[in-house]
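I opened this notebook page to keep track of what I looked up in the model, one topic to an entry.

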Amino acid sequence: MKKNDFEREYPMQRQILRRRILKRRFKTKKSNKLFAKAQAIIPGGVNSPVRAFKSVGRSPIFIKRASAAYIWDEDRNKYIDYVGSWGPMLLGHANPAILRAIREAVKRGTSFGAPTSLEVKMAELITKIVPSIEMVRMVNSGTEATMSVIRLARAFTDKDKIIKFEGCYHGHSDSFLIKAGSGAMTLGVPDSPGIPSTIAMNTLTARYNDLTSVRKVFEENKDQIAAIIVEPVAGNMGCVPPIEGFLQGLRSLCNEFNALLIFDEVMTGFRVAIGGAQALYGVQPDLTTLGKIIGGGLPVGAYGGKKEIMQMVAPAGSMYQAGTLSGNPLAMAAGFTMLRILHANKMIYKQLEQRSAQLEEGLRENLQKLGLGYTFNRIGSMFTLFFTSRSVIDYESAKTSDTAKFSTFFNAMLEQGIYLPPSQFETAFISTAHRERIIEKTIKASYKALQKI
Ligand code: KE4
């Protein structure tokens, strides 16, 4: 019997056969072996919790290489990547210009522990692209940036308390692991053990997108609040955009109660617009933290803002902060090249918007066809499909998502070669390497994956 006759005659068998082939093709033997080994010598087998795939009920896949929109694992499975190293890969993996810059830099040595001309160029470019940043200090991670900026805010205002928002994540320093998002939310440990109550008591939380809750905290802690720190587009409870007037309202409240406004743009900086969320929403913070994209995939963070505040940072001022590898020449080469490309090609953001809108349209069409009322949030090339029918505007509403359904969807997409963030409470990212037909393939795969819910 010819193949087509067989398929016509026996459609069910065809489905079973296809599923078997898909299953057989999707092997993760090498990753599983590596994970077993890793768990004996690395806590949880990973160097950052969310990578462990804990909330999607399978062992993590170990990545061997990446290029453009793709990653390959140790079992040679190929995936379209929507994690993008959690944000840095705006231009896709192994961008040729960035690799060239790193290759050139490495010939001159890997680290000097001394100032270099490239650090000056990097600071000039950042302060040119983000007007609110008059001075900037490079560090090695987003956590280091937010930890330092809080110390600076406390030093400048001589007040101890800070306001953060439930579900927002600002890295893992003590002051922030209070109702934190990202991996802390995924693993259900938003308030980590090991944080002295004397530190935790200085971190007050309010509800994202709820200005009344913020005013209440200010009024209950008169003259004690140094700053508000906020993700201007929340990305660590999944993608949760600010509602109309929220960011402007925070600006006014900080002015009224004499506190500093800090935008944590580690994720949104150079992602949602060349000038970040502060440019997109037209709200000027006093201080900004950056990371991810400014490192072009190498370890970099930064904090910056008004000169009168930044002048307090040692050695110009008395607030101490330091770092052996701060401004590392390889990281500066990668980051500077990245920012220079973004600054020179504003069309990039138009292209990202087109591809991201194409994905949103296709996903929404699939949800409609299947009669599924799930919530899809997107700002630019950051998005999350929440498995809840409620609109997701804060931590509480994000938590109504059905994480079991998310897990089924995640695995069904993974087995079709689509690599999404392995948590309902993370944001997915699109890069300039996600061409139209890659988006088309993703939309088709999502239809099959949604049918399994
Ligand atoms: P890092 O210390 O991970 O470089 O940055 C901390 C940080 C600070 N601020 C924001 C808004 C962030 O999103 C992050 C880190 N983001 C997570 C992903 N949601 C990093 C991934 C991980 O923890 O492995």
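**Domains.** I began with the division of the protein, which gives domain 1 (3-93 + 347-450) and domain 2 (96-344), the bounds coming from an automatic or database domain assignment. I noted that this is a predicted model, in which local features need pLDDT of at least 70 and side-chain atom pairs count only at pLDDT 80 or more, while totals for chains, interfaces and linings use all residues. Residues are numbered from 1 along each chain as its sequence is written, and side-chain values use heavy atoms, with hydrogens and water left out.

The C-alpha centres of domain 1 and domain 2 lie 28 Å apart, and their contact (heavy atoms within 4.5 Å) takes 34 residues from domain 1 and 38 residues from domain 2. Between them the two domains bury about 2,900 Å², 68% of it on carbon and sulfur atoms; buried area here is the accessible area (1.4 Å probe) that two parts lose on being put together, summed over both. In domain 1, I found that Tyr349, Ile379 and Tyr395 lose the most area to domain 2, together 24% of what that side buries.

**Helix H9.** I then asked which residues of helix H9 (residues 211-220) are buried. They are Ser213, Val214, Val217 and Phe218, where buried means under 20% relative accessible area, exposed over 50% and partly exposed in between (1.4 Å probe, protein chains only). Because these residues cover an arc of only 140° around the axis, they sit on the same side of H9, the arc being that of the directions from the helix axis to the C-beta atoms. Helices (H or I, at least four residues) and strands (E, at least two) are DSSP runs, numbered from the N terminus.

On the other side of H9, Thr212 and Glu220 are exposed. The cover over the buried residues of H9 includes strands E5 (161-165), E6 (203-206) and E7 (225-230) as well as helix H10 (246-256).

**Ile430.** I located Ile430 in the loop between strand E14 (428-429) and helix H17 (436-451), and at 1% relative accessibility Ile430 counts as buried. Leaving out residues up to four places away in sequence, I found that Ile430 touches several residues, among them Tyr82, Arg271, Leu352 and Phe383.

**Cysteines.** How many disulfides does a search of the whole structure find? The search finds 0, a disulfide being a pair of cysteine sulfur atoms within 2.5 Å. For Cys239, which is buried with a relative accessible area of 0%, the closest cysteine sulfur is that of Cys168 at 12 Å, too far for a bond.
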